[in-house]
Structures are given as structure tokens and as C-alpha cells.
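Open your viewer and get ready to select a few residues as we go. Each stop tells you what to pick and what is there.

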Amino acid sequence: MSYRLLIFFLPLCLLMHVGAFGQLHLRGTVVDEHSRRNIGGALVTIERATALTDTLGHFDIRLKRRGRYIVQLTHLSYEAATFTLRITGDTTVVLSLRSKPYSLSEVTVSGVTSERKSANLTISAIDMRKNIPVLGEGNIGLVLQQKPGVAHAQEINPGLFVRGFSNSQNKVFLNGSPIFNSNHLLGIYPSVNANAVAKTQLLSDDVHPRYGDFLSSCLVMEGNSQLADTSVLVAGVGVLTSHIYSRAPIVKGRVSYELAARRSYFDLISRTYNQLNGSKSSSADKLPDYRLYDVNGLVTIQPTHADRVVLSLFHSGDKLSQQQSYLGLDATWGNTAANLCWDRNLSKALSIRTNGGYSCYSTRTSIVKSDVSHVANSVGRLYLSVEGTAKVGAAVQVDVGLFGGRTRTSIDNDSQEINGNESVLSEKTGRYGSAGGYVALSTPLGRYLQVKAGLRMEAYAGNRPYLSPRLYLQSPITSQVTLFASYSQRQQFDHLYAPMGINLPIDMIIPSDDTLKPQQSRQVGAGAAVRLGRYTQLLLSAYYSTLAHQVDFVNPEPLNEGFYYTVGRGDAKGVELSASYKTAALSVEASYSLAQTRRQFSQINGGRWFSPPFDIRHKADLFVYLRLTPRWSLSLSQFVQSGNIVTVPTSIYYNQAKKQLVPVYTSRYNLRLPLAHRLDVSAQYTVRQSFGELRLSLGIYNLYNQANPYFIYFKPEKMDDEQTRFVTKKRSLLPMVPFFMIEVTL
């Protein structure tokens, strides 16, 4: 092992010095205009080069020539600023920013197009405010689903489906904590309040090796961990939820906090409706009893200019009760996470980050069909990591990290036995540890090639260590065209068992063991980013992935027939095309994805290749944002995509002995649902006064009342001749729904 690592690291060490000479450097510090305190997290833009200031407010940008430059500064808590500098040699400057009167005001840098140069996606708090607040709430998941390569979950499969992978093959981080389930019911609302997230990244091809234990993508959400200079309070009331957000200094220049909370009141509406109509309506007409809530907290402490400590807390909870003639269920689920992060700058070129905490997820669901079944699952993880970052010159960066953790899982269910044998997952508990390390290098190779290389090594549950190499190449062949390519091997040690046909968060998380190997994938990708003028960009990318040690159920209805799993393989491939036009007043984004994903299991469909539910062949999206006046803006979002794939029985018979209906399946994943599509529109009216801001959002979810199916079921109906037949029914969740949200910012 040491010999292999030596062969890998020696060339990387030699490459660290390439391209570090013969360049001009603009170094500087960004400070507050009044307090003169250094500002971390400010974005410095010079032509096509960008840099973020560190916790000391320092930045360093490499320039190719002498001349006159326009420097632009942006920050969430400060007003945007522009400076003109004449650079004749290495230069050091001090630039200042003026605080905003309130932190959540929109920042727009006119004339600058946000450029993508990989398949990765980045969404800022400003981008979130431009998108449609579906049912009155900003939704990170739905914004991501507007992008190429990310399928719309609709109302039938909640979650994030990226490039032909299942929702369970992503990794979600919130302020450094892993989150095991990131959705409230059906994905209409994410578990994380959008007000508590300043920046969101969906990493799919250019992924740092600090992130592991996933096959598809990594969703990284971060709150505003910069010190607050002023107080801000936001309160919002919508059609189904209300929320509150607060951010303020505790000790000026040293300690500040951020707090966001949200609660729905659909349960109050449904209970009142059911009580008023209880004697007049059948069980099928009763509304489900459902409520959600979530709380995000963040405290930032900066005792010195070289240190910053961030404590974050998160808790979410859901409860659903629905009693109808064809289906009854009671379900509860929720997340809890706590994280502590300490950043220390030893010098301008060397810093250390220590990150640790605990995250857990638990769920319990009781399902009533012909009898009663229940499923309970919990998972908790204690983790710790240390990362050191060294900068060599302005262009070379080396990251080295160590990590470890301990995970506990528990599963309990009372699904029926098959042939007198106990179901595989009727009861299972386990504890396991993991540990490993990684190294990453980012360096230019000459003038036209930027290289990011990394290696992650991880041992899991006492097994041999697994190696996961990653390579990303980027080449600006002209000032308008950038090519990129990537290769990676990935391991995922958690398996997720999702019972088919029940679209609720009752997924069971199982660690790999001696009989169940870790999931593995190899992925290659390539693409080109083309800039057409100041405001327009095209991005074309393609990918191919192979998957090993995939898991699925042997039985179509595991809740009634037992949780028996089988192991197989798969692949995914696709092409993505997107175009964007962005100015200060108008943003238009259009995209199209052509993709295919397949699986093969020896015990499913006779060992033939098949398409899983998340195989979305065609997907097209259009998003338009128009700022009519300083007060009025409009948003429009339209998507069209291939229908999901489901498993339906080919016949149903009545078992006299057990007195229950028994479905008969001759194949799995045998029906693709019709084309899915939806149009959402909204208008925002904003009034800024001396005390703050009033924002009214009005809109319509599903403007033309498209009934995309939530699930399919079979219902017995008596015919005129007293015979009983089973009729296929589809249940759609939300018709056309007008919504509003009133927000007050103080």
C-alpha cells in the first residue's frame, strides 16, 4: 500500500511548482468601511478570475498581463462595490465594503454572467429569491430539478435523482453534518428551510475527495457563517406554512447567531374540514392529517482574526395519518444534527479545519391494507475530521485530511413470513466504525490546463481499505470556450431499502457487511462551456457510469411478502444541454437531458436488463425571471419529462383462507406512466422602507391543473350483475393551487 501511495504522491509533489512563476499577483484585504474589520467570504471578481476572501479577509488573484482592471466585490451582508485599478506589477491593496441596512436584500452585479465550467451546480441565496416560492416557500430541491441531469421527483418519488442514480445514492451535508433524509412529505417541502441556507452546491463530476460514501452526487448546503454586523428579522405567513428567520450579533465583531424555524398548519385545516364533514363524506373524501416543522440554528464565534468557530444545530419532524378504505397509515419521521467546526489560519498560506458532530434519523410507519404492518428504522452517526490546506503561490493548493466515525443502525418490522422463513430484514441492528484519509491537489499545467487530482482511502467495519481516485481536467482553449473532463471511482457503504409503491420516508438504511458488499461505481464525463457574449452561455456535457453491488427487493410488495433482497449491477449514460441568458432584469434558463439507466438482477425479471423507476429518458425545463420594475418581478417555471416507471400486478385474486386480496406479478417495473409536466407562475411585489422590507409573493402551482399521478392502486367495484371487478385508479396529490406568502424583513 505504501509503495502505491508513493507512486501517486511523488508526481503530485513535482507538479506543485508548475505555473507558480512568471505571473502578476493582485493581493489584498477586504474590510468593513466603518469598523475596518476584515471581511471573510467576499467574492472578488476580475475579468474571468474570481476568489473568495478567507476568514482574515485576504485574497490573492493571478493576472496574466499589466493593464487597467475593474475589480468587483460582492457579499451577502454588504453592498456590491466596483473599483478600477492599474496593475503594473505585483500589487497589494485594501478594499472596503459598506454594510447593507438589512442582510437579505438582493445583490445584483449587472453585466456579469454567472458561468458554469463543469456539471456541478451552485445556487446562492440571491438565486433562491428569484425562483418561484412553490406554495409560498423557497424550495432548494425544486430549483435543482430545473437543471439538466436532475429528474423532477414530482409527487410520486420524493428525493433527488441525479444522472440516472436513485435518491439513496446521494450524500447530503448541512453545515458539515450528514443528513440521512432531506425531504418532508413527498418532497414538496425540503427538510431544510431555504432561509437558513446561504449557498447550495450539487457536486457531480468535480468532487473534492473530502466527500465520500456516495455514488451519484453530493449536495452541500451552508448557512451564513460570517459574523453579523447588523440585526435582521424576517417573518413570513403563507397558505400552508409560516416561518421566521433571525440573524444578529451577540458580541459585536466576535459572536453572532442565525436562527430559522418553520411550521405547517395543514393538520389544523384537515382536522377542521374532517370534523365539519365527518357525517357527510366517506373515508375516501377525508383529508389526511399531516404536519411538518424544522428548526435551524447557527452560532459563529471569532475570538481572534485567525480563528473562527461555528456551532450549528438542525431538527426536523413529520407526522402523517391517513385512514381510508383502500389504505390507512400512520407515520412519523425526522432528523437531528449537531456540528462544531473550527477554522484556524496559521498563516496566509496554511490553514486547518476541524469538523465533528452527530447526526441521526428515525422513522416509524404503520400501514393498514388487508392487515397491519409496521416498519421502524433509525440510524445515527458520530463523526470527526481534520483537514489541512496549504497554498503554494497563487495557483497551487494541496489539501490533506483524516476522518473517522461510528454509526449505529436499527431496523424492526413485522412483515409476513414466506414459506415459514423469517424475513431478512425483520430485525437487524448493528454498530460499525469507519476511518480513512485523503489528499487533493489543484494546480495549473502550463497556461491552458487546470488539474484537480485526489485520492480517498477509507476502511469500513474492519474490512480492507478502499481506494477512490478522482481526476478533473479543465482547459480554456479560447477566451470563450472551456473544455472539461472527469474520471472517478466511488464507494458507498450504506444501502437503502425503499419499499416499492409506498412513497413515504420509510426507507431503511443498512450498512455493508460480510455478505453485503459496498456499492461501487466508475464514472467518466466530458463537456464544453461556451460563452456567447456578456450575457449568454451554453453548456454541453455527457457522462457514462457503471455500477456494481446494487440492491433491490426480490418481492414486488416487501411489506406484505418479506424484505428479501438481491444484488446486481447497472449502468447510466446521458447527454445534457443547457443555455442561459442573464442580465440584471431578465434571466432565462433552458435545458434538455437525454438519458438512460438500467439494472440487472438474477432474481428479477428472469435476469434481463430493465429500467428502474428513476429512468427518465427525456427531460426539458424552462425558467424565466423578469424584473418589471424595482418593485415588481415575475417568475415562470415549466418542465416536461418522461413518466416514471412503476410495478403493477397483471392480475388479482381473493384468497379465501386468508380472506385478503392477493396481487399476481409476472414482471417488475412493467409500466411507464404518461408524460409528466407542470407549469408554475408567481409574481413578487417588494416595498423597501426605512424600517426594512415588505415582500408579497402571489402565484399558482400547477397552473393548468395537470394531474401527474402520485401513486396507482386497484379498487374493487361492483358491476350491475353483482360481479366485482378491480379498477385501476391513480391518485394525484396537488391540483391547481393558488398560493401566497407575505414576508416582513426588519
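## A guided tour

Select Arg668 and Asp552: both residues are buried, where buried means under 20% relative accessible area, exposed means over 50%, and partly exposed lies in between (1.4 Å probe, protein chains only). Their side chains meet in a salt bridge, with N to O at 3.5 Å. A salt bridge here is a side-chain nitrogen of Lys or Arg within 4 Å of a carboxyl oxygen of Asp or Glu. The pair links distant parts of the chain, 116 residues apart: Arg668 sits in the loop between β38 (660-664) and β39 (671-672), and Asp552 in strand β31 (residues 536-553). Helices (H or I, at least four residues) and strands (E, at least two) are DSSP runs, numbered from the N terminus.

Before moving on, note that this is a predicted model: local features need pLDDT of at least 70, side-chain atom pairs count only at pLDDT 80 or more, and totals for chains, interfaces and linings use all residues. Residues are numbered from 1 along each chain as its sequence is written, and side-chain values use heavy atoms, with hydrogens and water left out.

**The whole chain**

Now zoom out. How many helices and strands does the protein chain have? There are five helices and 44 strands. Of the 746 residues, 53% count as buried. Take the contacts (heavy atoms within 4.5 Å) between residues at least 6 apart in sequence: 63% of them join residues at least 24 apart. Show the surface next: the accessible area of the protein chain is about 32200 Å², and 58% of that belongs to carbon and sulfur atoms. Accessible areas come from the Shrake-Rupley method with a 1.4 Å probe; for residues, only the protein chains shown count as cover.

The structure holds 20 salt bridges. For another one, select Arg381 and Asp213, whose closest N and O atoms are 3.7 Å apart. Arg381 lies in strand β22 (residues 372-392) and Asp213 in the loop between β13 (199-203) and β14 (218-222), so this pair ties together parts that are 168 residues apart in sequence. Arg381 and Asp213 are buried.

Next, pick Arg598 and Asp571, a salt bridge with its closest N and O atoms 2.8 Å apart. Here the partners are 27 residues apart and link distant parts of the chain, Arg598 in strand β33 (residues 586-600) and Asp571 in strand β32 (residues 565-582). Are these two buried or partly exposed? Arg598 counts as partly exposed because its relative accessibility is 26%, while Asp571, at 7%, counts as buried.

**A buried asparagine**

Jump to Asn339 in strand β20 (residues 328-345). Asn339 counts as buried because its relative accessibility is 2%. Show its side chain together with that of Asn355, and you will find a polar contact of 3.0 Å between them. A polar contact is a pair of N or O atoms within 3.5 Å; within protein, one must be able to donate a hydrogen and the other to accept it, and residues adjacent in sequence count only if both atoms are side-chain atoms. Leaving out residues up to four places away in sequence, Asn339 touches several others, including Asn175, Ser177, Leu311 and Tyr383.

Select helix α4 (residues 266-276), whose buried residues are Asp267, Ser270 and Asn274. Looking down the axis of α4, you will see these buried residues fall within an arc of 65°, so they line one face of the helix. The arc is that of the directions from the helix axis to the C-beta atoms. On the other side of α4, Gln275 and Leu276 are exposed.

**Last stop: a strand residue**

Finish at Leu626 in strand β34 (residues 618-627). Leu626 counts as partly exposed because its relative accessibility is 32%. Now select Val588 as well: Leu626 and Val588 are 38 residues apart in sequence and 8.6 Å apart in space, C-alpha to C-alpha. Leaving aside neighbours within four places in sequence, Leu626 is in contact with Ala585, Leu586, Trp632, Ser633 and Leu634.
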